[in-house]
Amino acid sequence: MYRLIACDLDETLLDKGRHVSKRTQETIKMAEAQGLVFAPATGRGFYSIKQTLEELDAANKKNHYMIGFNGGVVVENYGPTIIKDFPMPFEILAQLFEFGSSYDVAIHLYTFDQTYVYHSNPEEDAYLTTIPHEKRPDDEISFLKDQVCYKALFQNLDRSYLERLEQEMPKSLHDVLEISYSSNRYIEFNPKGVSKGVALQTLAEHLEIPMKETIAIGDNTNDLAMIHAAELGIAVANAVPAVKEAAQHTTIADHEQSAVAEVIETFIL
């Protein structure tokens, strides 16, 4: 019996309009009535998924949880209350920012409360329309020195450009980071050892649920760690090849066709 699902959001749970389908909402509610814990696991922060939590009827609710910043935080939605967090030292954040500033990328830096966007572009501005953020007009990041930061990412619509950027990163910086990709537009950075997989294990321990009773659902490489960590790793039909290869099961439906509802109907209900 599976009692805990960690589920990616963009291109997995959410359709292209960033909504949870009515079918998926209803299916999750039925599974929760049977005792399932359904936890969104996203690269975004708590406050940027408010709409999703509302659609899941999980906003500010006790015994409802989310994993944010690719595993940087494990949160109970009521409050919200941070159960466990894995911050990024400012020194690493500053090195990343300096490195990224020499490339043609938009840069996102994350605290729990805010996403700061530097060097944005028209495509990224349009993509972020429904996601809360603060667009910064300068290269000033020293104000983050006394704040807790969790993640950084670079954006460019050319995946091969981002991969080349990773190859050109100094080894000293590369060695202290977990690096993954998402949405075919982002290269994402967490401190070494931080991932959705570790966060899933942390949440399972907090809930006293054995890992053999967990499912992870995802589509891109920032989901690989939890796909590997869960007892049952599932790729949605639109997932990248690496995720399909790592998963034990791939859905027939893609994220536009309520793939997560298919998973719950097949393995829970």
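Arg-23, Thr-24, Thr-27, Ile-28 and Ala-31 of helix H2 are in contact, that is, have heavy atoms within 4.5 Å, with Val-260, Ala-261, Glu-262, Ile-264 and Glu-265 of helix H11. The residues of this contact comprise five nonpolar, two polar and three charged ones, where Ala, Val, Leu, Ile, Met, Phe, Trp, Tyr, Cys and Pro count as nonpolar, Asp, Glu, Lys and Arg as charged, and the others, Gly among them, as polar. This is a predicted model, in which local features need pLDDT of at least 70 and side-chain atom pairs count only at pLDDT 80 or more, while totals for chains, interfaces and linings use all residues. Residues are numbered from 1 along each chain as its sequence is written, and side-chain values use heavy atoms, with hydrogens and water left out.

Two packed helices are described by the angle between their axes and the distance between the axes. The axes of H2 (residues 22-33) and H11 (residues 259-267) come within 8 Å and cross at roughly 30°; axes are lines fitted to C-alpha atoms, for helices over the stretch in contact, and angles run from 0 to 180 degrees between N-to-C directions. H2 and H11 are therefore roughly parallel to each other, a term for angles under 35 degrees. Their crossing is left-handed, which is to say that the near helix is turned anticlockwise from the far one by less than a right angle.

Helices (H or I, at least four residues) and strands (E, at least two) are DSSP runs, numbered from the N terminus. Six strands form an open sheet of mixed pairing, in the order S8-S7-S6-S9-S11-S10, two strands being paired if DSSP finds at least two bridges between them. At the edges lie S8 (134-135) and S10 (177-182), each of which pairs on one side only. S7 (residues 115-118) pairs with S8 in the parallel sense over two bridges, and Val-117 has Lys-135 in S8 as its bridge partner.

Further along the order, S6 and S9 run antiparallel and are joined by six bridges, with Ala-106 standing opposite Gln-155 in S9. S9 and S11 also run antiparallel, joined by four bridges, and Phe-154 has Ile-187 in S11 as its bridge partner.

H4 (residues 90-100) lies across S6 (106-111), S7, S9 (149-155), S10 and S11 (186-191), running at about 10° to S9, whereas H6 (residues 159-168) lies across S9, S10 and S11, running at about 175° to S10.

Terms used. Parallel < 35°, antiparallel > 145°, perpendicular 65-115°, else oblique.
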